Amino acid sequence: MTRHYSALNLAREGLSGHKGWARAWTSPEPKKRYDVVIVGGGGHGLATAYYLAKTHGITNVAVIEKGWLGGGNTGRNTTVVRSNYFFPESVALYEMSLNLYEELSKELNYNVMLSQRGMLMLCHTPAEMEMSARLVNAMQLNGTDAELLDTEGVRKIMPIYNFSPDSRFPALGGALQPRGGTARHDAVAWGYARAASALGVDIIQQCEVTDFLIEGGACRGVKTTQGEIRADRVGLAVAGHSSQMAEKAGFRLPVTSYALQACVSEPVKPILDIAVHCAGSGSYASQSDKGEIVIGGGLDRVPSYGQRGTLPTLEHVIAGILEMFPAFRQLKLMRQWGGIVDVVPDSSPLIGPSPLPNLFLNCGWGTGGFKAIPAGGTLLAHLLATGQHHDISRPFDLDRFATGRLIDEAAGSGIAH
């Protein structure tokens, strides 16, 4: 049943400490056994639980999170959603996710604030224009939306860009995906959590997985700070901590974790109505619904598990943004943060069975994890429910590093690696 609150009721709840509000999801004590345990309470873990229950009818599921829901990369990204990738396998994956995003608010009965304002990848040299033309052609051949703009096309949709003759990054044109844009990161996590909980999934917070239960050479559950929890199958969706968890399970992953940094300005009136990326500097920006300018850039090249920023990286990112938008010089920065991204050598994700039987992987998204949440959840749920790959996840199996079938999307990631 949906509750409607008047202004008086809202004020009363605020003053009383929200004692009259029903919980959006339950937080029970863990059971001793589940059909499936999912390690990681971010977007991918919560989406996996939801699709296990909704699509496959498996509701005896636990999502285990050592902190709070969405406290990792899901709450620390720059909220961009897009499917403007080059290879057919990548477009199929990210287009699946974008299609799901387009119906997600209705699906979950929760407003994820999807804003398809467009995603523009700028070009600054003739060589970049040639590559963008190839990208646009590939995207159109692969069945997704794409347009190649010239300088005037960029000026029309983004007049505040620095078009001066002596600009360091002249806008010769760009690749535009009109259906790209942004979504509200915490709303995506909360929407999936509420919907999964309503279907019977247990969401267990403040519960750290310390090891895996391995019997007969297979994973039989997890050891946690709240005791042992057995399961027929375990899904691993812990983003930047994937390599650490794999070590506990007794194998190594081709994953290196780095801090990806971002920041937001003070809120201002609407001035930037598109998400834009500058290939020259690696910086990118969009404007939030609150009016903040959300800014991101390339990786700090020092491997790290720390969720914090560094001044040199911030200076580099801000320098690129100010070259693109001189008017932003007068803005004040409000917050800076870092997220831990799990980068794989070919900049494509790892989806599939792990070397330890009954343990399945959803990791290696690098800088593309948020945009892939609905697809990542769908595909991991399929693996956990059937033990078999979905057609879209098959190319991203760990075995590609043995067969040489790499999907090199370093350019598609859009930032410096």
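**Close-up views of a predicted model**

**View 1. Contacts of leucine 93.** Leucine 93 touches Pro349, Ile351, Trp365, Ala375, Leu379, Ile392 and Phe396, leaving out residues up to four places away in sequence (contact: heavy atoms within 4.5 Å). This is a predicted model: local features need pLDDT of at least 70, side-chain atom pairs count only at pLDDT 80 or more, and totals for chains, interfaces and linings use all residues. Residues are numbered from 1 along each chain as its sequence is written, and side-chain values use heavy atoms, without hydrogens and water.

**View 2. The largest nonpolar core.** This core holds 49 residues; Leu93, Val188 and Tyr192 touch the most other members. A nonpolar core is a set of buried Ala, Val, Leu, Ile, Met, Phe, Trp, Tyr and Cys residues joined through side-chain atoms within 4.5 Å. Buried means under 20% relative accessible area (1.4 Å probe, protein chains only). A second, separate core has 29 residues, including Ala62, Val234, Leu253 and Leu359.

**View 3. Packing of H2 on H7.** The helices (DSSP runs of H or I, at least four residues, numbered from the N terminus) pack at an angle of about 35°, their axes 9 Å apart. Axes are lines fitted to C-alpha atoms over the stretch in contact, and angles run from 0 to 180 degrees between N-to-C directions. Leu46, Ala47, Ala49, Tyr50 and Tyr51 of H2 meet Ala189, Tyr192, Ala193, Ala195 and Ala196 of H7.

**View 4. Surroundings of threonine 74.** Threonine 74 is buried, at 10% relative accessible area. Its side chain reaches the backbone nitrogen of glycine 43 at 2.8 Å. Beyond neighbours within four places in sequence, threonine 74 contacts Gly42, Gly43, His185, Ala189 and Ile373.

Conventions. Buried means under 20% relative accessible area, exposed over 50%, partly exposed in between (1.4 Å probe, protein chains only). Helices (H or I, at least four residues) and strands (E, at least two) are DSSP runs, numbered from the N terminus. A polar contact is a pair of N or O atoms within 3.5 Å; within protein, one must be able to donate a hydrogen and the other to accept it, and residues adjacent in sequence count only if both atoms are side-chain atoms.
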